[in-house]
Amino acid sequence: MAIDENAFRKALARFASGVTVITAAKDGAMGGITVSAFCSLSLRPPLVLACIDERASILPLLRQSGAFAVNILSEDQSGLSNQFASKMSDKFQGMPYDIGPWGQPLLAGAHAHLVCTLAHEWQGGDHRVLVGQVEAASVDESRKPLLYYTSQYGSFHPLS
């Protein structure tokens, strides 16, 4: 019996997740995409996992560069998330960023950054499963994370 696609989507929307923008660059070309299908995979070695639609225009750039940055967005960056989820040709328009150690854009104001080399890639249905080996990490403790739940943005404020 096949599951109803709408029921599947509705159930998955009940899983709160952080919001990331994955960025890559090579030979002056830059790309970025909003990704909520992201998680840690391993501590030893330090690995993360991200799932990206196989039709995403950033995939060739990720493969060519062999590296990417995971920008974990802060609670005031929902507009940035929407911009990188759009079909805009220049998603970096008006976005301040620094350049990471392997040339990836690191978005200003993010809650955290992970700089990764591409370790593995597999097909997973209509997505590509990317495994990145984390080479560098930084956190801005003064910021809180942006969350996504039932197609809406929110933030996290710990219970006292």
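**Close-up views of a predicted model**

The structure holds three aromatic pairs, where rings of Phe, Tyr and Trp (its six-membered ring) pair if their centres lie within 6.5 Å. This is a predicted model, in which local features need pLDDT of at least 70, side-chain atom pairs count only at pLDDT 80 or more, and totals for chains, interfaces and linings use all residues. Residues are numbered from 1 along each chain as its sequence is written, and side-chain values use heavy atoms, with hydrogens and water left out.

**View 1. Phe92 and Tyr97 form an edge-to-face aromatic pair.** Their ring centres are 5.5 Å apart and their planes stand at 65 degrees; planes under 30 degrees apart count as stacked, over 60 as edge-to-face and the rest as tilted. Phe92 is buried at 7% relative accessibility, whereas Tyr97 is partly exposed at 33%. Here buried means under 20% relative accessible area, exposed over 50%, and partly exposed in between (1.4 Å probe, protein chains only). Together with Phe84, Phe92 and Tyr97 make up one aromatic cluster.

**View 2. A cis peptide bond joins Arg44 and Pro45.** The omega angle of this bond is about 0 degrees. Pro45 belongs to the loop between strand E4 (38–42) and E5. Helices (H or I, at least four residues) and strands (E, at least two) are DSSP runs, numbered from the N terminus.

**View 3. Ala56 occupies the loop between strand E5 (47–53) and helix H2 (59–65).** With a relative accessible area of 13%, Ala56 is buried. Ala56 and Val115 are separated by 59 residues in sequence and by 20 Å in space, C-alpha to C-alpha.

**View 4. Asp27 has a positive phi although it is not a glycine.** The phi value of Asp27 is about 50 degrees. Asp27 is placed in the loop between strand E2 (20–26) and strand E3 (29–35). Its relative accessible area is 75%, so Asp27 counts as exposed.

**View 5. Thr150, a residue other than glycine, also has a positive phi.** The phi angle of Thr150 is near 45 degrees. The loop between strand E11 (146–149) and strand E12 (152–155) contains Thr150. Thr150 is partly exposed, at 24% relative accessibility.
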